[in-house]
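Trainee: I would like to learn how to read strands, sheets and helix packing in a model. Could you take me through one slowly?

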Amino acid sequence: MNFGVVKKETVVLNPRKNMARRTIPIEIRKDPLTGRTSRICHFMKLQWEKPDFEKLIEGTEAMCPFCPDKVMTLTPCFPEEILPEGRLIIDDMVLFPNIAPYDGLGAVATMGDRHYIPMTEIDPERIAGAFRLAMAFFRNIQNTGHPESVYHMINWNYMPPSGSSLIHPHLQVFSSSSAPNLMREELEAAKTYMESYGTNYWDDLIQHEMSFEERYLGTVGRTAWFIPYAPMGVAGDVLAIVEGVRSTLELTADDLADLAEGLTRVMTGYDKMGIYSFNMNFFTGRAEDEFTRFHLLFSPRTFFNQALGTPDNGALRNLYNETVCMAFPEAIKDMLKSDF
Ligand SMILES: [Zn+2]
C-alpha cells in the first residue's frame with residue numbers, strides 16, 4: 001500500500017511582518033488506491049462563521065414541497081411497473097421519483113416532517129430510518145429484476161453550501177448500472193489490487209489505519225471510521241468502511257444504525273468548527289464484486305465567503321478535479337476524536 005507524497009514549500013515576503021521571509025509547506029498526497037492527488041495546503045484555522053439561521057430559513061417553509069402539508073400533492077409518483085403504490089412511506093418519511101433525474105431510476109426521500117433540523121439535532125434514528133426507507137426502494141427494484149438494479153446509491157446534500165436547493169432534509173436515492181466516475185475508478189483500482197496482491201484493498205486499508213492510528217477515529221459495530229490520507233473536502237473527509245460487505249443490499253439493519261450513529265458523532269465534531277453543511281455518498285460494488293467493500297464518505301462543506309456565497313471549490317476542483325484540504329488529515333482526526 002503506497003501512501004505517496006510530494007512535499008514542497010513556497011516562500012513569500014510577508015507584508016504583515018515587514019516583508020520578512022515566510023515559508024509555507026505544501027503536500028501533494030496520492031490516494032493509495034486510485035493515485036488521485038489531493039493538495040494539503042493553505043493551512044488556515046478550520047473555523048467558520050455560521051449564518052443567521054433564522055434569517056436563512058425564514059419563509060422557505062411556505063414553498064417547500066417536502067413539508068407534510070404539500071408532500072403528497074406536490075411530489076410525483078412512480079409508474080405502476082416500478083412501484084405500484086406510487087410512493088413509499090415509512091412513518092413520516094416519504095420516497096418518490098426525483099423530478100430532476102440524472103439516471104433512469106432516481107428517487108428522493110424526505111427525512112421526516114420537520115422542515116429545518118440543525119445538524120447537531122439530526123438523531124441517528126432519523127438517519128437510520130431514512131436509510132431503511134431507501135433500502136426498501138432498492139429491494140423493490142431488485143425484486144422486479146430491473147436492469148438498473150446494479151449499484152444502489154444514497155447521496156445526501158445537507159444545507160445550501162453542499163449543493164442543496166432545499167432546507168428540508170432529504171436523501172437522493174438511485175439505482176444504476178452506470179457507476180459514477182470516482183466510484184468506478186475505485187472499483188477498477190480495487191480489482192487490480194486484488195489481482196496483484198491477492199488481498200482486498202479495503203480490508204488492508206482498515207488494518208493499516210487501525211494499527212497506525214494517526215487518522216483513525218474508531219469503530220461502531222463492524223463499521224471502521226477514519227480520515228482519508230488524501231481527502232477531498234477543504235476540512236477533510238470522514239470515511240466509514242463496513243467490514244465484509246460488498247454492496248448496499250448486503251447492509252443489515254444494525255449496519256444502517258451503526259453508520260447513522262457514526263455520522264452523528266462526526267457531525268458533532270464538525271459543528272464545533274462552524275461547519276453546518278455536508279455531502280455524504282454511498283460507494284458500493286456489485287453483489288459479486290469480492291474485491292471491494294461498501295463504504296460511505298462524509299465531506300463537510302462551507303462557503304469561503306458567507307455573504308457573497310463563495311463556494312469552497314473553484315477552478316482547481318471544478319475543472320482539474322484537484323482538491324484542496326486546509327489542514328493535515330492527522331490534525332483533523334485530533335479535532336474529531338473526542339466527539340467520536
Ligand atoms: Zn419543508
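This is a predicted model: local features need pLDDT of at least 70, side-chain atom pairs count only at pLDDT 80 or more; totals for chains, interfaces and linings use all residues.

Trainee: What counts as a strand, and when do two strands pair?

Mentor: Strands (E, at least two residues) and helices (H or I, at least four) are DSSP runs, numbered from the N terminus, and two strands pair if DSSP finds at least two bridges between them.

Trainee: In what order do the strands of the 10-stranded sheet stand?

Mentor: The order in this open sheet is β4-β5-β6-β8-β7-β12-β13-β11-β10-β9, and the pairing is antiparallel. Because β4 (88–90) and β9 (216–220) are the edge strands, each with a single partner strand, one side of each has no neighbour in the sheet. From one strand to the next the twist averages 15 degrees; angles run from 0 to 180 degrees between N-to-C directions, and axes are lines fitted to C-alpha atoms, for helices over the stretch in contact. Helix α6 packs on this sheet, where it touches β9, β10, β11, β12 (277–283) and β13 (295–301), and its direction makes about 20 degrees with that of β10.

Trainee: How many residues of strand β8 are buried?

Mentor: A residue is buried if 20 or more other C-beta atoms lie within 10 Å of its own, exposed if 12 or fewer, and partly exposed in between, with C-beta atoms placed from the backbone. In strand β8 (residues 170–176) five of the seven residues are buried, so the strand is largely enclosed by the rest of the structure. Strand β6 (residues 105–110) pairs with β8 in the antiparallel sense over six bridges, with L105 opposite S175 in β8, while five bridges join β8 to strand β7 (residues 151–158), again antiparallel, with I154 opposite V173 in β8.

Trainee: Which strands stand at the edges of the four-stranded sheet?

Mentor: That open sheet has the order β1-β2-β3-β16 with mixed pairing, and β1 (5–14) and β16 stand at its edges, each with a single partner strand, so one side of each lacks a neighbour in the sheet. Strands β1 and β2 run antiparallel and are joined by 10 bridges, whereas β3 and strand β16 (residues 323–325) pair in the parallel sense over three bridges, with S38 opposite T323 in β16.

Trainee: And how should I read two packed helices?

Mentor: Two packed helices are described by the angle between their axes and the distance between the axes. Helix α3 (residues 124–143) and helix α6 (residues 253–271) pack at an angle of about 135 degrees, with their axes 8 Å apart. Angles under 35 degrees count as roughly parallel, over 145 as roughly antiparallel, 65 to 115 as roughly perpendicular and the rest as oblique, and α3 and α6 are therefore oblique to each other.

Trainee: Which residues of α3 meet α6?

Mentor: With contact taken as C-beta atoms, placed from the backbone, within 7 Å, P124, I127, A128, F131 and R132 in α3 meet L256, A257, A260, E261, L263 and T264 in α6.

Key:
Residues are numbered from 1 along each chain as its sequence is written. Two residues are in contact if their C-beta atoms, placed from the backbone, lie within 7 Å.
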